[in-house]
Amino acid sequence: MIRRAAIVLAVAQFGLVFAGLLVGHVERQSLPPLGKRYVELVPRELGAANVITGILLSYRAFDTLGEVAVLFMVAASVGLVLARRERRKENLLGDARLATRQASEIVRTGAQILVPLIAIFAVYIITNGHLSAGGGFQGGAVAASSVILLLLADPRQRFDQQLLSGMESTAGILFVLVGVAGLIFANGFLDSRVLPLGQFGTFFSAGAIPLLSVLLGVKVGCELSVILDRFRT
Amino acid sequence: MAELIGTLLILAGAVFHLSAGLGLLRMPDAYSRMQAGTKASTLGNTLVVGGIAFFHPDWTLKLLLVIYFVLMTNPISSHALARAAYRIRVPMTSRTAVDALRDSREKSRGGA
């Protein structure tokens with residue numbers, strides 16, 4: 001009885017909170033000054049149809065680089081923590097328990113069909129980041145989700161960690177090099193106007209933004225894959 | 001006319017989503033909750049996305065891809081979840097009558 005009353009009270013409180021939001025909501029008629037400035041500047045200066053990716057990979061590209069560095073540190077520390085645990089576990093259990101765990105046929109067949117689809121979708125998101133919603137980070141996460149599916153379908157699958165780390169480091173170095181090119185040939189570090197802006201709204205446009213997006217996608221995808229691979233017991 | 005059909009489809013989809021929610025709340029154990037949620041939300045998603053296609057005919061191809069993707073992923077993921085739950089012996093309701101997975105396992109073990 002008391003529990004039921006508490007639930008009713010909680011629901012009523014949530015209702016009040018959301019009713020407050022609903023009543024107090026006023027649709028914005030115009031953009032705030034900063035947003036307005038960006039919406040005007042990004043298509044004119046950078047030639048990117050998607051304002052958000054334009055901001056993330058040019059004006060705020062340095063922050064993006066920082067975020068990727070944070071992700072890299074997460075990957076490294078997860079490896080550090082889990083590697084120690086894994087060694088202990090291997091002594092206790094060995095591979096006997098791992099061998100009995102196999103995904104069902106439905107999951108394996110589904111993975112065969114879905115992994116290529118997800119990978120294509122990831123590439124689409126990454127390469128069209130300057131035109132529509134998406135970009136390197138999002139596409140990289142989608143690519144990593146296809147890696148999860150591969151792992152679920154066959155937990156004994158081994159990925160080439162060296163190749164993944166190598167690709168990730170190469171993408172990171174190239175990202176910084178493009179940034180340095182911006183320092184030399186354009187107005188500053190990670191200025192995307194080192195490449196010609198091209199026709200607004202076409203695939204090859206917006207200067208170095210698609211290039212940076214691809215590098216970011218490769219880097220994020222590889223980093224997340226390495227993290228996922230390390231979580232396998 | 002097209003918009004009316006689209007609206008009706010979306011409404012039907014919303015009804016299925018509602019039944020999925022009801023199933024999640026009312027079903028007795030994890031497995032039946034899972035099947036209620038999966039079946040109803042798969043059909044509900046298909047209907048809602050199909051209804052949107054009537055409002056935006058130029059999106060039809062992309063929406064068909066979305067439907068295909070939902071039809072592929074939703075059953076597979078809930079199948080994998082239910083199997084995982086079975087593996088760690090999540091209890092079934094006391095009214096369970098058939099356990100097909102156990103039966104088939106015993107049969108294959110007996111035959112081998």
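Buried, in this tour, means under 20% relative accessible area, with exposed over 50% and partly exposed in between (1.4 Å probe, protein chains only). The model is predicted, so local features need pLDDT of at least 70 and side-chain atom pairs count only at pLDDT 80 or more, while totals for chains, interfaces and linings use all residues. Residues are numbered from 1 along each chain as its sequence is written, chains are lettered from A in the order in which they are written, and side-chain values use heavy atoms, without hydrogens and water.

Select B:T42 to begin. This residue lies in helix α2 (residues 30-55) of chain B, helices being DSSP runs (H or I, at least four residues) numbered from the N terminus. With a relative accessible area of 9%, B:T42 is buried. Beyond its neighbours within four places in sequence, B:T42 is in contact with B:L71 and B:N74, where contact means heavy atoms within 4.5 Å.

Next, show both sides of the contact between the chains, to which chain B and chain A bring 10 residues each. About 830 Å² is buried between them, 78% of it on carbon and sulfur atoms; this is the accessible area (1.4 Å probe) that the two parts lose on being put together, summed over both. Highlight B:F69, B:I76 and B:H79, which supply 47% of the area that chain B buries against chain A, more than any other three residues.

Finally, move to helix α8 (residues 161-185) of chain A, whose end C-alpha atoms are 36 Å apart. Among the buried residues of α8(A) are A:L164, A:A171, A:F175 and A:V178.

Conventions:
Helices (H or I, at least four residues) and strands (E, at least two) are DSSP runs, numbered from the N terminus. The expected span of a helix is 1.5 Å times one less than its number of residues.
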